[in-house]
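Dear colleague,

Please find the structure below. My notes on it follow.

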Amino acid sequence: MRGSNIPFLTIAILFAGAVNAGAGPCTTQIVQIERSIQNSAATPTPDSGASAPQSVGAQLHHQPTPGSVEGAENRARADGLAALERARKADAAGDAAGCAQAIADAKLIYGLN
C-alpha cells in the first residue's frame, strides 16, 4: 500500500466509526435495502424495481395502457420511497418496531427477501 493512501484510509475508518456510533436499531438493514435498490437500478431486469399488487382492472382482461403502466410504476416507486423514509425516521427515533415494519413494507414493495 502506498503511503499517500494511509491518511485517507484512517479518515474513512474514523468517519465510518462515527457514523455507526450514532446508528439506530435498523441502520444496517436500511443501508442494505438502499444498496439492493441501487444495484437493481444499475442492471435492471423485468422483475427489478418497485411493484404493487395486481389491480382489479388488470383482472378484467383489459390491456394496460402505457399511461396506466407508468402511473402504477410511479405509485409503487412513491410507496417504496415512503416506506424507506418511515424506516429512516423510526430508526432515528430509536423505534425498532416501527423501523422493522417499515423495512418489511419496503422489502415487499421492492421484492426483496
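**Notes on the model**

The protein chain exposes about 8,200 Å², and carbon and sulfur atoms supply 60% of that area (Shrake-Rupley method, 1.4 Å probe; for residues, only the protein chains shown count as cover). This is a predicted model, in which local features need pLDDT of at least 70 and side-chain atom pairs count only at pLDDT 80 or more, while totals for chains, interfaces and linings use all residues. Residues are numbered from 1 along each chain as its sequence is written, and side-chain values use heavy atoms, with hydrogens and water left out.

The protein chain has four helices and zero strands, taken as DSSP runs numbered from the N terminus (helices H or I, at least four residues; strands E, at least two). Of its 113 residues, 15% count as buried, meaning under 20% relative accessible area with a 1.4 Å probe, protein chains only. Among contacts (heavy atoms within 4.5 Å) with a separation of 6 or more, 73% are between residues 24 or more positions apart.

The largest nonpolar core has 13 residues; such a core is a set of buried Ala, Val, Leu, Ile, Met, Phe, Trp, Tyr and Cys residues joined through side-chain atoms within 4.5 Å. Helices H2 (27–42), H3 (66–93) and H4 (96–110) each give two or more residues to this core, and H4 supplies the largest share, six residues. Ile30, Ala87, Cys99 and Ile103 have the most contacts inside the core. Leaving aside residues up to four places away in sequence, Ile30 touches Ala87, Arg88, Asp91, Cys99 and Ile103.

Cys99 counts as buried because its relative accessibility is 0%. The count of disulfides (cysteine sulfur atoms within 2.5 Å) comes to zero.

Regards

Technical notes: Buried < 20%, exposed > 50% of the residue type's maximum accessible area, 1.4 Å probe, protein only.
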